[in-house]
Structures are given as structure tokens and as C-alpha cells.
Amino acid sequence: MVVKVAINGYGTIGKRVADAVSWQDDMKVAGVVKTRPTYECLTAIQKGYKIYAATSDKIQSFKDAGFDVAGSAMDLFNEADIIVDCTPGKKKEGGTTGEDYKKIYEQIGKPAIFQGGEKHKLTGLSFNAYANYEKCIGAKYVRVVSCNTTGLLRTLVPLHRKIGIEGVKAVLVRRATDPNDSKKGPINAIQPEIKVPSHHGPDVQSVMPDIKISTMAVVVPTTIMHLHNVMITLKKEASADEVIAAWKDAPRVILVNSKHGFESTAQLMEYAKDLGRPRGDLYEIPIWQDGVSVVGKELYYTQAVHQESDVVPENIDAIRAMMNLESDKMKSIEKTNRALKIIK
Ligand code: NAD
């Protein structure tokens, strides 16, 4: 069975998920929904994706701009087996576009995946492949958690399973916006998130309720990656080597070393480009191995998150789980990893 996937919202996440779908042999891109006839239509067409206008009254504007349009979003939704909703997490007038679309998906009885800008309550089921793939098998509506939450889950879940976590405190240093955005900031300030805990801790618990975690966050003027300083009280004393061994087996977690010149997020992004990754994406969560420090039961480490891409393989695994393409999470993870050339 080759599952037909509709991509609704062809922005930072949507275009990456579309490409990742096109690299699998058990799913294909049925089409992508665009609101406006922008330059991204050019690449969509070159990649062979059919373009659908968000509403039928917009079809003419695409034609006027010289782009072939296959129809409206509703035509695509009806044609597809599953919709990956990658629309923005917030609307100017409140709520999210995903919330509005969910009503439509329900009306036509189509399963859908939402992204981390949506709240857990939209689906009641939040996804991370290694943490809870099994729970999402055959599910109708699933939310792939945000880039930061995905990053935290990737490194916390293996630790919790192999050593045991008593409690986590983490400080998230967040990028201001994505590199393609010339409007948002801050461009010369550090902006603390005043609400404590920040939403990231509770979001981790939407997938792993038994991990006790509390987070604070700050936004800084960079577009390349988030960085997390993580402090954990383990259930039992462990050496740094035992902690590192837990991550060595964990999917989509890599260990880097400052002695090799990984001094900041800049070198991590260069590394991804040197690997020849499409768009310079780094799907894995890098942890600084030489920054891992354990004092008794207290563990300290630093990791980074490539916000534009770490959730992409998770979306592919979520499709596989929901469409019953694979019941074994590790088989799905390995299949996705092979197709995306993920290191492990
Ligand atoms: P984006 O703004 O880059 O892309 C959203 C796309 O949706 C745009 O192309 C926009 O034109 C389109 N869109 C707007 N209204 C639409 C409508 N009514 N119908 C169809 N398409 C519409 O946003 P993004 O960064 O890709 O974020 C998408 C989702 O992924 C959000 O929930 C976000 O929180 C989440 N997410 C973002 C990142 C990130 O770092 N960018 C990381 C992980 C998760």
C-alpha cells in the first residue's frame, strides 16, 4: 500500500515533510496546499508536487501568476488518505488555523497530523516515535510535538528507560525565528519567557506523563538552532559513561565534542551542510559529550535542536503508525532514518 499524503501549509515544516514523504517507498505526496502564489510554488512544481489553492476563490490568482493549480484544498483532502497539517500555530485573531481545519477533516472523515504549535487537547494524543509510537497506531488525530519538546524527549526518554529520572530542570535558549523570516525578532535583545514553567515542560509530559520536568526559556537573536541546558536528578547514581551509553543506543541522538571544533550551534549547522543534508538540515539532537557531567545523582548536559528539521522524521513515523503501515516502532524509525540518511 502506498499512502497518499496531503500537505496542508507549505512553509518551513510543510515543505520538509513533503520532501521526506517523497523519499519513502510506502507513501507519496498527493499535493500541497498554498495560500498565495509565492516562489515556493516554483520548487513544488519542480519537485513534481501538485499545488492546491487554500480556497477555490484563490485559484485564479495562481493561474494569473503562471502556476498550474490542480484545484482547491478540499479537492486534495478528498483525494488523500491522510493530511499533514503544517499551518501556522497562531492566528492574528486568536486560535490556530489547525483548529479550524480539524473540523473540516472530521467532516470528511480523514485522519490528520498536527504540529507542535497546536495544543495537546486538539488531538488528545501527542507523538514522539521512540516514546509512544505504539499508542498512535491506527489513531485518527495526532499532534507531533514541537521542535523543543521533540529535542527534550529524544534525550530524556532513553535516560528514563535505562537509568531512571527522578526530576528534570531545563533552561531553553530559543532562536528568535527561522532563517527565512525577515520580520520577527528580537534582533538585539534577550527576551525572557516570564511564565514559569515555560510550556515546554508540560508539553514533554503530554507524551511522557511520568517524567517530572520543569522548564524556563529565553529567546536570543539567532536563527540557527535552540540550545538546552539540562539538569537531571537521576533515580540512582550513574557514571558519565553509563549516561553516554544510554544515548549511544537511542535513535536520532548524536554525540559531538567541543575538542573537534563544535564550539557552538554554528559548527553544528556547518556539519549538517558538510554531510550534504538537504537544506543543511540536522534531524538528530546533538549532545556535547565532553559537557556531560555527573555529580552523585545530578546529571548536567547541553544539547542543541535544529528547529526546522528535528520533527520531520517524527511526522513520517506518525504517518506510518496512524496508517497501520508498520507496527514495530524501531522498524519504522530505521526505515525513516535510511530514507533521510539519518546517522542513527
Ligand atoms: P510557516 O509559517 O513557515 O508555514 C506555515 C505555512 O502555512 C505558510 O506557508 C502559510 O502560508 C501556510 N498557511 C497559512 N494559512 C493557511 C491556510 N489557511 N491554509 C493552508 N495553508 C496556510 O510555519 P512553520 O514554521 O512551518 O510552522 C508550522 C507548524 O509547525 C506550527 O504549528 C509550528 O508551531 C510548528 N513547528 C514549527 C517549527 C519551526 O521551528 N519552524 C518547528 C517545529 C514545529
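Helices here are DSSP runs of H or I with at least four residues, numbered from the N terminus. With that in hand, welcome to a short tour of the spaces in this predicted model, where local features need pLDDT of at least 70, side-chain atom pairs count only at pLDDT 80 or more, and totals for chains, interfaces and linings use all residues. Residues are numbered from 1 along each chain as its sequence is written, and side-chain values use heavy atoms, with hydrogens and water left out.

**The second largest pocket**

- A pocket is an open set of points on a 1 Å grid over the protein atoms alone, with protein on both sides within 12 Å along at least five of seven lines; its lining residues have an atom within 4 Å of a point.
- The second largest pocket has a volume of about 220 Å³, a volume being the space filled by probe spheres set on points that are joined across faces, edges and corners.
- α1 is the top contributor to this pocket's lining, giving 3 residues, and both α1 and α10 (265–274) supply at least two.
- Of the 14 lining residues, Arg16, Pro179, Arg279, His306 and Glu308 lie nearest the centre of the pocket.
- The lining has 3 nonpolar, 5 polar and 6 charged residues; Ala, Val, Leu, Ile, Met, Phe, Trp, Tyr, Cys and Pro count as nonpolar, Asp, Glu, Lys and Arg as charged, and the others, Gly among them, as polar.

**The ligand**

- The ligand is surrounded by 22 residues, and Thr12, Ile13, Tyr101, Arg175 and Asp178 are the closest; a residue belongs here if one of its heavy atoms lies within 4 Å.
- Domain 1 (3–145 + 311–340) and domain 2 (147–305) both give residues to this shell, so the ligand lies between them; the domain bounds come from an automatic or database assignment.
- α1 (12–22) and α5 (97–108) each supply at least two residues of the shell.
- Polar contacts are pairs of N or O atoms within 3.5 Å: a polar side-chain atom of Asp178 lies 2.6 Å from a ligand nitrogen, and one of Thr35 lies 3.1 Å from a ligand oxygen.
- The protein covers 78% of the 830 Å² of accessible area that the ligand has on its own, by the Shrake-Rupley method with a 1.4 Å probe.

**The largest cavity**

- A cavity is a set of grid points where a 1.4 Å probe fits but cannot get out, and the count comes to 1 cavity of 30 Å³ or more.
- The largest cavity holds about 40 Å³ of space, and its lining includes Asn128, Tyr130, Arg154 and Glu314.

Technical notes:
A polar contact is a pair of N or O atoms within 3.5 Å; within protein, one must be able to donate a hydrogen and the other to accept it, and residues adjacent in sequence count only if both atoms are side-chain atoms.
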